[in-house]
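Walk through this model with two stops in mind. Begin at the ligand, then move to a helix.

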Amino acid sequence: MVQSDGHSANGSAGHEVREHDILIIGAGGAGLRAAIAATEQGLSVGVLTKSLLGKAHTVMAEGGIAASLGNVDPDDGWRAHFMDTMKSGKFINNWRMAEIFAKEAPDRVYELEQWGALFNRTPEGKISQRPFGAHTYRRLCHVGDRTGLEMIRTLQEKVLATDTKVYMETTVVKLFKNAGRVVGALACTRETGKFIHLKAKAVVMATGGWGRIFKVTSNSWEGTGDGVVLAYDAGAELVDMEMVQFHPTGMVWPPGVRGLLVTEGVRGEGGLLKNAKGERYMKNYDEERMELSSRDVVARANYTEVMEGRGSPHGGVYLDITHLGYDGIMKKLPTMHEQFLKLADIDISKEPMEVFPTIHYTMGGIKIDPETCATNVPGLYAAGEVAGGLHGANRLGGNSLSDLLVFGRRAGESAAEYVKGNGHSSEVEASEVEAEKRRVLAPLERKEDGENPYTIQRELQEAMMEHANLMRNEDSLKEGLGKVLALKDRLPNVKTPGSRLFNPGWHTSQDIYHLIQISEIIIRTALERKERRGAQWRLDYDGPDEELGKLNLIVKKDDQGEVGIEKREIPPIPVHLAQLFKEGAKV
Ligand SMILES: Cc1cc2nc3c(=O)[nH]c(=O)nc-3n(C[C@H](O)[C@H](O)[C@H](O)COP(=O)(O)OP(=O)(O)OC[C@H]3O[C@@H](n4cnc5c(N)ncnc54)[C@H](O)[C@@H]3O)c2cc1C
């Protein structure tokens with residue numbers, strides 16, 4: 001095995017070479033958990049992040065992490081969590097992933113606690129658990145509304161205690177293969193624009209989601225879906241790509257913060273949704289669960305109230321948590337209080353918030369084996385939001401953070417097993433590395449007039465907002481596809497002035513390649529799924545389609561380099577699990 005920091009050679013070829021056993025692309029919860037698992041196997045690990053360590057999306061997670069500890073509701077157990085996850089995903093989830101997830105989530109939370117995470121407590125001193133939409137029991141372990149911060153802090157400290165090499169502000173632009181296996185990547189640093197060829201025997205993709213394809217989103221600038229396109233270009237299969245989650249509650253005012261998340265924790269703590277007439281309209285959409293219905297249902301309800309003229313002055317609905325009072329809010333939802341006071345001049349202990357759906361999460365992603373997180377491309381593993389399958393057509397709040405830990409660990413362990421069992425070379429042809437560098441540098445070197453990458457990004461985000469929103473129909477999707485393909489044609493002309501030093505425009509010229517490719521895939525799969533199911537709500541169809549409910553849409557790059565879509569039957573759910581839905585939740 002090579003040493004942790006590998007050997008480096010500043011080269012006349014204009015790039016540095018580093019070598020690790022395992023490369024982990026992404027330093028969010030999934031990537032860091034994978035790194036911990038891989039280093040425990042004694043291997044050298046390199047972790048890359050586009051931003052700084054501790055700044056991934058995971059740090060933004062607010063509401064909590066779902067695991068059936070049964071601390072507050074003793075009747076809870078993995079079976080109930082499994083069933084909630086499958087029901088919410090409208091049964092196109094990978095049932096084996098959901099089973100593993102529900103069974104292992106409690107251990108991962110306790111492990112986090114042992115590593116130092118300080119959760120809120122029940123009066124008896126157990127980890128406190130709050131209610132969340134469509135979870136049958138109070139299940140979300142939380143640290144106020146700053147759960148992600150505590151999670152990333154804990155994982156980061158653990159990683160820093162190992163020999164793991166972290167490459168900050170370093171963006172992967174290409175995966176390399178040798179004899180069909182993934183054997184490393186080309187990356188580029190933000191600060192200097194220096195290229196690094198990272199050789200590795202296995203790669204774990206943990207790059208998170210792609211909310212930035214839309215104009216109004218809760219996601220940060222990092223959410224450009226690089227990993228899913230890097231994997232797709234390397235031959236990986238993708239699953240459920242049409243499924244994009246609109247969170248019911250994003251800020252609407254002032255315009256500069258439109259889309260910023262208002263955590264589901266607000267509804268979990270008893271927040272009431274009301275329209276301009278003061279009606280608790282959720283009774284018209286899900287009388288039983290009201291505000292704690294699943295995200296897809298609440299998002300459509302909020303959208304419908306506004307579209308039908310019952311919205312607030314700034315085009316939202318009202319979310320009222322005033323009954324909790326100042327002290328209660330500061331204990332349970334301090335970030336929300338600060339966010340509204342600082343950004344909107346609203347004291348949420350005295351006034352309701354105005355909210356509207358915002359793009360939040362991507363259920364689809366790289367298709368992985370549930371046991372090992374291996375993709376169909378040897379040497380490539382994936383975990384976290386970039387991977388698909390667990391959440392099906394709609395993710396339950398809180399299920400992402402536990403997903404990161406359960407499958408991040410499995411991905412790290414499996415990649416380590418693979419590396420130990422394979423003595424293959426991680427070399428690639430020098431000409432391949434050079435060709436990739438030329439491709440990445442092209443926008444800087446273009447002499448003739450060219451396209452501004454920000455213009456393309458903005459036009460794409462507007463097109464996706466208009467045509468692939470939370471309500472879709474064939475004509476509009478087709479129009480949207482036309483716009484996306486026209487933008488794709490403009491990509492080769494992108495030009496970015498300036499040098500390689502700290503040049504965000506140049507990095508955006510890479511991002512838009514990913515954003516456009518994902519958008520095309522989302523629209524093409526949304527056109528294929530002709531039904532209403534979870535996040536895929538086709539207005540030109542009346543409801544779910546029984547036959548489509550037995551299928552996943554699998555995407556793979558075809559021989560012509562185009563988007564190939566296969567309708568693949570979902571393996572039948574085994575009797576012992578199917579039986580649960582007949583018996584009702586048993587712990
Ligand atoms: C505001 C907000 C609140 C949320 N609240 C909750 C919650 O309460 N509970 C819950 O379960 N979920 C929540 N979620 C969802 C959850 O936070 C994310 O799904 C999850 O954190 C994703 O983790 P990840 O490890 O897969 O990726 P991320 O945390 O997104 O990390 C991705 C990493 O990949 C890196 N990266 C990306 N592209 C490249 C590249 N080309 N080269 C190198 N590095 C790259 C990034 O820099 C980053 O380090 C929330 C999300 C948001 C946005």
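A residue counts as near a molecule if one of its heavy atoms lies within 4 Å of it. Helices and strands are DSSP runs, numbered from the N terminus. Keep in mind that this is a predicted model.

Start with the shell around the ligand. α1 (29-40), β8 (170-178), β16 (353-362) and α10 (399-420) each supply at least two of its residues. The largest share, four residues, comes from α10. There are 39 residues around the ligand, and T58, G63, E222, D226 and E385 come nearest. What is the shell made of, in nonpolar, polar and charged residues? It divides into 20 polar, 13 nonpolar and six charged residues.

Now look at single atoms. S400 places a polar side-chain atom 2.8 Å from a ligand oxygen. In A30, a backbone N or O atom lies 3.0 Å from an oxygen atom of the ligand. In G398, a polar backbone atom is 3.3 Å from a ligand oxygen. Taken alone, the ligand exposes 1,000 Å², and the protein buries 98% of that.

Next, turn to helix α12 (residues 453-467). At its start, a side-chain oxygen of N452 reaches to within 2.8 Å of the backbone nitrogen of Y454.

The buried residues of α12 include P453, I456, L460, M464 and H467. Their cover includes β16, α13 (474-490) and α14 (504-528). β16 also supplies at least two residues of the ligand shell.

Methods: Residues are numbered from 1 along each chain as its sequence is written. This is a predicted model: local features need pLDDT of at least 70, side-chain atom pairs count only at pLDDT 80 or more; totals for chains, interfaces and linings use all residues. Side-chain values use heavy atoms; hydrogens and water are left out. A polar contact is a pair of N or O atoms within 3.5 Å; within protein, one must be able to donate a hydrogen and the other to accept it, and residues adjacent in sequence count only if both atoms are side-chain atoms. Accessible areas come from the Shrake-Rupley method with a 1.4 Å probe; for residues, only the protein chains shown count as cover. Ala, Val, Leu, Ile, Met, Phe, Trp, Tyr, Cys and Pro count as nonpolar, Asp, Glu, Lys and Arg as charged, and the others, Gly among them, as polar. Buried means under 20% relative accessible area, exposed over 50%, partly exposed in between (1.4 Å probe, protein chains only). Contact means heavy atoms within 4.5 Å.
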